[in-house]
Amino acid sequence: MVRLAHLFSLTVLALLVTVALRSAGSVTSSLRPPDNLTEFPDLSQPVARLNTWFQNRWQDEQVVPAGPVDELTLFRRLSLALFGAVPSLEEIRAFEQDQQPNRPQRWLTMMLKDSRFSNYFADRLARSLVGVEQGPFIIFRRDRLRDWLAEQLQQDASWSQMTRELIAAEGLWTDRPAANFITIARMENEELDENKLAGRTVRTFLGQRMDCAQCHDHPFDEHWKQRDFEGLAAWYCQADVSLAGVSDSPLDKQRQPVVYQVTPPGRETDDARVVPPSVPFHQEWVPESGSLRQRLANWITHPENQRFERAIANRIWGLMFGRPWHTPVDDLPHPDPDAEDALDILGQEFRQHGERLSVLIFMIAMSEPFQRSSASSGESDGDYRRQAEAWAVFPLVRLRPEQVIGSLFQAGRIRRVHQDSHPLIRLQKLTFENDFVQEYGDAGEDELTPQAGTISQTLLKMNGRFSRELSKVDLLTGPSEILNLSPDDRSLIDNAFLMCLTRRPSADEQNVFLNQLQGMHHPHNSTDVAPLTNQQRAEVVEDLFWALFNSPEFAWNH
Amino acid sequence: MESLNLNRRHLLQGLTTAAVSFCLPAMSSRAAQRRGAERPRSLIVLWMNGGMSQLETWDPHPGTPSGGEVTDIATTTPGARISSLMPQMAEQLHECLLIRSLTSKEGDHEAGAAFVRTGYRPEPTLKYPTLGAIIAHELPQPDLQLPPYVVLTPRIPVPEGGYLGNAWNGFRVFEPGSGVSNLNAGVSDARQTRRLEGLDLLSRQFVQRQGVAAGDVLQQDTMGRALQMMKSEQRRAFQLEQEPAALQAAYGHTEFGRGCLVARRLVETGVRVVEVMLPGFDTHIANHEGHMTQCRILDPAMATLLSDLRQRDLLQSTIVLCISEFGRTPRINPAGGRDHWPGWFSCVVAGGGFRKAAVIGATPAELPTGEPPVPEQPVSIPELYATILTLMGIDGRKEIITPIGRPIRFVDAEPTGVLLTDPSLIKSI
């Protein structure tokens, strides 16, 4: 047994050495974005239209926008939004070496083809579609749904088509992963919860919370009546989940039509009333043929249904900025034809360009608000508030749990962690992410709702094993590599800052950390010099990474 | 009505004067020294996770169709008999109010726990704060260097602040009695000083660069409080070395027993709301055996907690509530288990002004057919919580404007004097 254990240890060590050798060497990279944007639809006009809207608004409201953001910070924003992590040193070097025109645009199109994007966004979309609950055993497969979403994103599929597939999917939850949108609603009594499906459908695809109308008319919004909710739930009444998968059964075992029945609370089932499927507006958009679910899906995605495009535009805006255009992300005001806003413009262009999420992402990334600094040019709180309300300054938003650990993990290495990384590194990343998010606290499907930090989270980041292991000067780690490979201490500090904060240090920061590395305990007292041993230098580097990991700049999108 | 919008001006004043200041001086907690009625009230929740069977604990029906293998014993409350699996609690029941008529409509663990923890049925679009979060939110304690709401639990998601915000989530302690995870820097003082020097510089530079926008960052800074807690003497409350071995043995050498002892120490230190969780009550199979195991843990710990609090003159100011997300079915299934039963279930509440040596509610012994009948003298969870909040000095009717603009009361019920030793407390508080 002992020999086996030794053999295993030696094997692991050999693998680690291999990885270390592969990772060592120059930190430049062959990362290369396309030379031009010909492969991507030309969105210059739509972006100009959107930005004109913002400029007009700022002029009308006499708001002075914040200054432009520098391109490295823009790169960090894109990486956080699309990959859930800060950029690697490898990518930063390649980005800086690229001096061709339209650098951000070209890099963005490359990022949209990266599997890190499709996997990360699939996770985010899955949360809006099925939440984070475990779901029914066997018949709900979150992993299959997520993989399917990732494939769709890789193919840059139409969101309308994906939506129709999700609502009307038939088949097994494994073969037709979209069917998991339905199977998660199966209750313990083996029936589907039409109310849950209706509530989720309206929230996710139409950006409207009307769950309370399940029991009574909406208390604050006269548009939504209880009958509207019941009518929407009725579209799901013929859906059925069996061992053969999801199907629609228009007739029951007695060959009678399956209808939706509502039993008033506290009453016997004999008192149930039949509710026919209905929609709260534009009945004419409902096609005459197809299953009930197909007809509902076609009504939701109807080209004139502005709520559909506004809902997804708001969610993508939220995922890009960390804060939706309208909060909460799934409860939008009614479309107003007399007051066009950014969501209307985004929605219209989204419709005209294949209803693809990449179009929304590109337009938002190139929008004026995304290209503004987060540093307010205002002098007072009032100035800042006006800027923030007009999106004339990039909002400061705390990173979400998965972005924190994604960034910690990436910042602890010099090369990007992606699908071609060594399996051991990918396994470690997966383990770290799961463990960290569990301990830190998962924001669940409310991840776009602003949340304050907690003491537990701060203690975990300061003293937990994640920061400790990722800042350690040890075989395979980024801190070790830059300590050994950086030509001098100034470069070392530059590299550490780039890895963690995607920027170079200020003169003050450079001085303080340089003094620490050179054994000067007091920056202004050059006589107090004590040469450091290698071990002590390693500790200084670890402490530098610790400070960078725990800084507010690391923890916030800015 | 109170809005949750924070005052940015106040925060910005902090920004201009203090920038980022981490190391706050330690402060004493005078309130923690008080005893008896003078002392501000605290709450200890003993959470029986998984759905405790009322029939094997507080509401046995031996020899009836629903009774199963249970036998009962007399208690120090005249006329009240509880399960013989709880002999030590039988000796302490004169300190307690036994409620046998709690009701719920949520028979799923997640939904049941959400309802019993918050007093509201769960909704997909609004998360309600737990009772503990409300208390922590409403009773700020400047002298306290520990989190205001501590949850001693090895797992399960932490109880949340809901619409009040994450800041009011329960602070989780994974291994009660073994200190707190991540509370030690793990490096020498010299290295910690160097780290903080670097961090302080980075923080100041960031704030400087962001200008007035940095108010949002400072508002959410928890670093100062975390560092304060790392240095505080009060953190000894999480440790048990100073407790006599005999007392530790009386609580029981179990995670839950240690949790109850830590809960007492936290309350003594000034923490106003603590929850200790005992998992393992989801006995769909071999229910009686399962409860025999659970009661061997619960009985000594809870009984010792009550007597310990009394001896320290803390029971008058400490409400101890033993509760679960629902009860278990009167019918025993073919696997010898009992399934989920929100129709009626029991809780025990002691101290803090609740009635002593009393029983409220009664449940039928026969197996119900169809919908469960309402138990005698039903007590609703919101009613119980409204009463607890009132005893804690909090107006449960207070409305909060939630982040989605909807005004919500902390509890949608009135407090009830029938649960109290002195019903006039409801009016006088």
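**Figure 1. Contacts across the sequence of chain B.** In this predicted model, 72% of the contacts in chain B between residues at least 6 apart in sequence join residues at least 24 apart. Chain B is built from 12 helices and 16 strands. Its radius of gyration is 23 Å, close to the 22 Å that the globule rule gives for 429 residues, so chain B is as compact as a globular protein of that length. The C-alpha trace of chain B spans about 75 × 50 × 45 Å along its principal axes, and 51% of the 429 residues count as buried.

**Figure 2. A turn to the loop that holds B:Asp313.** Here we look between helix H10 (287-311) and strand S9 (318-324) of chain B, where the loop contains B:Asp313. This residue is not a glycine, yet its phi is positive, near 60°. B:Asp313 is partly exposed, with 14 other C-beta atoms within 10 Å.

Figure 3. Is A:Thr502 buried or exposed? A:Thr502 counts as buried, because it has 27 C-beta neighbours inside 10 Å and 20 or more are enough.

**Figure 4. A cis peptide bond in chain A.** Follow the backbone from A:Thr327 to A:Pro328 and you will meet a cis peptide bond, with omega near -5°. A:Pro328 sits in the loop that links helix H13 (306-321) to helix H14 (342-352) of chain A.

**Figure 5. The two domains of chain A.** Domain 1 covers 116-300 and domain 2 covers 399-558 in the domain assignment of chain A. Five residues from domain 1 of chain A and five residues from domain 2 of chain A take part in the contact. On the domain 1 side, these residues comprise one nonpolar, two polar and two charged. Taken over C-alpha atoms, the centres of the two domains of chain A are separated by 44 Å.

**Figure 6. Where chain A meets chain B.** This contact draws on 48 residues from chain A and 44 residues from chain B. On the side of chain A, at least two residues each come from helix H16 (381-389), helix H19 (455-463), helix H23 (507-517), helix H24 (534-550) and helix H25 (552-555). Sorted by class, the side of chain A that touches chain B holds 18 nonpolar, 18 polar and 12 charged residues.

Terms used: Residues are numbered from 1 along each chain as its sequence is written. Chains are lettered from A and ligands numbered from 1 in the order in which they are written. This is a predicted model: local features need pLDDT of at least 70, side-chain atom pairs count only at pLDDT 80 or more; totals for chains, interfaces and linings use all residues. Helices (H or I, at least four residues) and strands (E, at least two) are DSSP runs, numbered from the N terminus. The radius of gyration is taken over C-alpha atoms; the globule rule is 2.2 Å times the number of residues to the power 0.38. A residue is buried if 20 or more other C-beta atoms lie within 10 Å of its own, exposed if 12 or fewer, and partly exposed in between; C-beta atoms are placed from the backbone. Two residues are in contact if their C-beta atoms, placed from the backbone, lie within 7 Å. Domain bounds come from an automatic or database domain assignment. Ala, Val, Leu, Ile, Met, Phe, Trp, Tyr, Cys and Pro count as nonpolar, Asp, Glu, Lys and Arg as charged, and the others, Gly among them, as polar.
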